[in-house]
Amino acid sequence: MTDLHSHLLFDVDDGAQTESVTREMLEKYVRQSVSVVAATSHSSIDQPEYQHAFDRVAAIAADFGVRLLPGREYSLAAAEEQYASLQTLGNSRFLLIDLGRFSVNSALSNRLRDFPHPLLFAHPERLWGEKAVENARFLAGRHEGFFQLNSGSFLGKYGTASRKAAWALLNAGFCAVISSDAHDVGDITLAECRKLLESYYDTETVSWFFERNPQRILSGKSPRRIVPHRSWLTRIRQKIRFF
C-alpha cells in the first residue's frame, strides 16, 4: 500500500518527536504492508530544515524496505505565500492542501483557481461534517481537485461526525485516496481500514483507495473517481452500523 499523508519525520512539526518514534512508525508500516510513504510535514518549517530531516529519515526508511517520498501539507495561506516553491507529492503534479475552517464558497474557489497544480484536499471529512458531500461536489465541479480521507475517520478515531462524513464522501464518489495522516504509531491504521472496507465492497474497488489511485497521482495521472457499488444489504448494514 501507499500512504500519501504522514508526519513521520521526527522533531520538525507535531508529528514524530524522536527518532525512536519514527522507527516504530516505520516498523508498523512494514507490518501493515505499506511500502511507499510521503513525508508530508507541515509547511510551517522551512525547506532546508525539511530537506535535512527528510534525508536522514529516508536513509532509515530504506533499511526497513520503505520508500520515502517528499511532500508537504499546506494550509491555504502557506500555499499562497510559498507559491513559487511548492513541494508536490513525490515530485508529481499534485499538491496536498488542508483548507482548514475556510467556508467553501465562490470566494474560496477564486483563491484556488490560480494554483498551478491539481489539488489533493486533505481530510475534508474532519473539516466539513454534514456538508462534506455538498462541499466536495462544489469544489470538484470547479477545480482539478480530489479528496484524501483519513483511515482513522472510518474507524471512528475522530468522532461520529467525521466517521459519517467519511462514509458519505466515499459512497458519493468523492474519495480518491485513503491515507493515515499519521502523527504517531497509533495513527497508522491503513490495514484495519482496508479490512473494514472490504467487508462492504469488493477487493478490486477497495484497492483503488490504497494502491491504484495513489500510484496514479505519483505518476502524474489524475485519480479515477470510484463510486462503490452497494447492494441493498450493504446499505442496510452501513446504515445500522454507522448512521
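**Ground rules.** I'm working from a predicted model, where local features need pLDDT of at least 70, side-chain atom pairs count only at pLDDT 80 or more, and totals for chains, interfaces and linings use all residues. Residues are numbered from 1 along each chain as its sequence is written, and side-chain values use heavy atoms, leaving out hydrogens and water.

Buried is under 20% relative accessible area, exposed is over 50%, and partly exposed is in between, with a 1.4 Å probe and protein chains only. The core has 70 residues, and Phe154, Ile178 and Leu197 touch the most other members. Helix α2 (residues 47–64) gives this core its largest share, six residues.

Another core, of 14 residues, lies apart from the largest one; Val36, Phe94, Ala122 and Ile217 are among them.

**Strands β2 and β3.** Val36 turned up again here, with Arg67 as its bridge partner in β3. Strand β2 (residues 36–42) and β3 run parallel, joined by seven bridges; DSSP has to find at least two bridges for strands to pair. Strand β3 (residues 67–75) has seven of its nine residues buried, so the rest of the structure largely encloses it.

**Helix α6.** In α6 (residues 132–140) I noted Ala132, Val133, Asn135, Ala136, Phe138 and Leu139 as buried. What do the buried residues of α6 pack against? They pack against α4, β5 (119–122), α5 (125–128), β6 (145–150) and α8 (160–171).

**Salt bridges.** My criterion is a Lys or Arg side-chain nitrogen within 4 Å of a carboxyl oxygen of Asp or Glu. The whole structure has eight salt bridges.

I looked up Glu80 and Arg111, whose side chains meet at 2.6 Å, N to O. This pair links distant parts of the chain, with Glu80 in helix α3 (residues 76–81) and Arg111 in helix α4 (residues 106–112), 31 residues apart. Glu80 is partly exposed at 31% relative accessible area, and Arg111 is partly exposed at 33%.

Arg194 and Glu211 make a salt bridge at 2.9 Å, N to O. Arg194 sits in helix α9 (residues 190–198) and Glu211 in helix α10 (residues 203–218), so the pair ties together parts 17 residues apart in sequence. Is Arg194 buried or exposed? Arg194 is buried, at 14%, whereas Glu211 is partly exposed, at 29%.

Glu204 and Arg212 meet in a salt bridge too, at 3.6 Å, N to O. I have Glu204 as partly exposed at 48% and Arg212 as partly exposed at 36%. Through shared partners, salt bridges join Arg194, Glu198 and Glu211 into one network.

**Surface patch.** Last, I checked a nonpolar surface patch of about 490 Å², made by Trp232, Leu233, Ile236 and Ile240. Patch residues have over 30% relative accessible area and no salt bridge; like charges are joined within 9 Å, nonpolar side chains (Val, Leu, Ile, Met, Phe, Trp, Tyr) within 5 Å. Leu233 belongs to helix α11 (residues 232–242) and is partly exposed, at 44%.

Key:
A nonpolar core is a set of buried Ala, Val, Leu, Ile, Met, Phe, Trp, Tyr and Cys residues joined through side-chain atoms within 4.5 Å. Helices (H or I, at least four residues) and strands (E, at least two) are DSSP runs, numbered from the N terminus. Accessible areas come from the Shrake-Rupley method with a 1.4 Å probe; for residues, only the protein chains shown count as cover. Contact means heavy atoms within 4.5 Å.
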